[in-house]
Amino acid sequence: MYSPLRKIDMNLLLVFDSLYRHGSVTDAANELALSPSALSHALNRLRMALEDQLFVRTGGRMVPTARAESIAAKVSAALGSLSSCLHEPGHFEAGKSRETFIFAATDYTAAVILPALVARINRLAPGITIKIVYSRDFNADDDLLSGKVDFALGFEEEQNHPRRGIESMTCFTDDYVVAVRHGHPDIQDSLTQEHYLSAGHVVVRPWMETRGMIDRYLESQQVRRRIVVELPSLMIAPLIVSRSDLVITLPKRGIASVFDMKDLVVFAPPFPTPQYTLKAYYSPALGNSPGHLWMREQILAICDGPEPVHAG
């Protein structure tokens, strides 16, 4: 029984998992409290045991082979299951922890959650490190299943669902608003659908999707807005909106978190929109570990977020 495991030191799987997540011998060695040479030696032993190179150095990073990619998610899940069954829930000591938690996020999802979360974590567990990586797709399914990230912050839309094997928790729901600069020549005290459709629009498409929820709704009404600027990131949007006659449609918290409100007038959309729901996605392979449970509690604790913006 379990005969393939007899030729593998189980500690080598920790090396494999860490190296797969970090893509760096140095970073993996630091996480495991090993020297880089000791980690390289362990990797060579695992290569011999599995008869595959597993990782190839390319452009300064350790890139997984096809064999490594095929086993990474299962190795991560197995290690997560072992970790959760060997530790009693609640054993996590936040004040003494030196764990690193990796979040996949866009600049928008990071802006509405992470400032409050980082402040809370720094107060309760100053030894914990939070690392942010850019979310490469809607809810970072592959990165979650492979163990590269602990949480992915994403928004829920009716046409997108996480892959089987990924769980989620709702952080908050929010309403969309439309923001224009103070002194806009056409939009001042009220916003009509005619104003909205005739204005030029800034849209943020972090995954370069062809259209979002707002555009799908407008197309269902057989109308379209005039998109002037498409951005992969929210970072420059406040500067564009505050210095032009373009408008932007975003959830309230995004406006409050990223924009300077003294530059803006904010309105409710002149048509019905569903609410925006922000979720934190995670792999159940890690979901029962004490540290992961604790971090989820902290996420939920700050999910009331900043004061909402009131439509004008």
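**Helix packing and salt bridges in a predicted model**

The structure holds nine salt bridges. By salt bridge I mean a side-chain nitrogen of Lys or Arg within 4 Å of a carboxyl oxygen of Asp or Glu.

Some ground rules. This is a predicted model, so local features need pLDDT of at least 70, side-chain atom pairs count only at pLDDT 80 or more, and totals for chains, interfaces and linings use all residues. Residues are numbered from 1 along each chain as its sequence is written, and side-chain values use heavy atoms, with hydrogens and water left out.

The overview next. The protein chain comes to eleven helices and twelve strands. These are DSSP runs, numbered from the N terminus: helices are H or I with at least four residues, strands are E with at least two. Of the 312 residues, 47% count as buried. Buried is under 20% relative accessible area, exposed is over 50%, and partly exposed is in between, with a 1.4 Å probe and protein chains only. Now contacts, meaning heavy atoms within 4.5 Å. Take those with a separation of 6 or more: residues 24 or more positions apart account for 77% of them.

Back to the salt bridges. Side chains of opposite charge can pair when their charged atoms come close. Start in helix α1. R21 pairs with D17, and their closest N and O atoms are 3.1 Å apart. The two residues are four apart in α1, which means about one helical turn separates them. An α-helix has 3.6 residues a turn, so residues three or four places apart point the same way. D17 is buried, at 11% relative accessible area.

Next, R181 and D245. Here the closest N and O atoms are 2.7 Å apart. This pair links distant parts of the chain, 64 residues apart. R181 sits in strand β7, residues 176-181, while D245 is in the loop between α9 (237-242) and β10 (247-251). D245 is partly exposed, with a relative accessible area of 34%.

Third, R205 and D215. Their side chains meet in a salt bridge at 3.4 Å, N to O. R205 lies in the loop between β8 (200-204) and α8 (213-220), and D215 in helix α8, so the pair ties together parts ten residues apart in sequence. Both R205 and D215 are buried. There is also a network: salt bridges with shared partners join R205, D215, R225 and E230.

Stay with α8 for a moment. Which of its residues are buried? M213, I214, D215, R216 and L218. The cover over them includes β7, α7 (193-198), β9 (226-231) and β10. After α8 comes Q222, with a positive phi near 65°.

Now helix packing. Axes are lines fitted to C-alpha atoms, for helices over the stretch in contact; angles run from 0 to 180 degrees between N-to-C directions. Helix α1, residues 10-22, packs on helix α3, residues 36-50, at about 110°, and the axes are 9 Å apart. That makes α1 roughly perpendicular to α3. The classes: under 35 degrees is roughly parallel, over 145 roughly antiparallel, 65 to 115 roughly perpendicular, and the rest oblique. From α1, the contact uses L12, V15, F16 and L19; from α3, it uses L39, A42, L43, R45 and L46. Those residues divide into eight nonpolar, no polar and one charged. Nonpolar covers Ala, Val, Leu, Ile, Met, Phe, Trp, Tyr, Cys and Pro; charged covers Asp, Glu, Lys and Arg; the others, Gly among them, are polar.

Helix α2, residues 25-32, also packs on α3, at about 100° with the axes 9 Å apart. Again, α2 is roughly perpendicular to α3. V25, A28, A29 and L32 of α2 meet P36, L39 and S40 of α3. By class, that contact has six nonpolar residues, one polar and no charged.

V75 is in helix α4, residues 66-86. Buried or exposed? V75 counts as buried, at 11% relative accessibility. Leaving out residues up to four places away in sequence, V75 touches L13 and F16.

Then T109, in helix α5, residues 107-124. T109 is buried too, at 1% relative accessibility. Its side chain reaches the backbone nitrogen of T106 at 2.9 Å. Beyond four places in sequence, T109 touches L153, G154, Y276 and L278.

Methods. A polar contact is a pair of N or O atoms within 3.5 Å; within protein, one must be able to donate a hydrogen and the other to accept it, and residues adjacent in sequence count only if both atoms are side-chain atoms.
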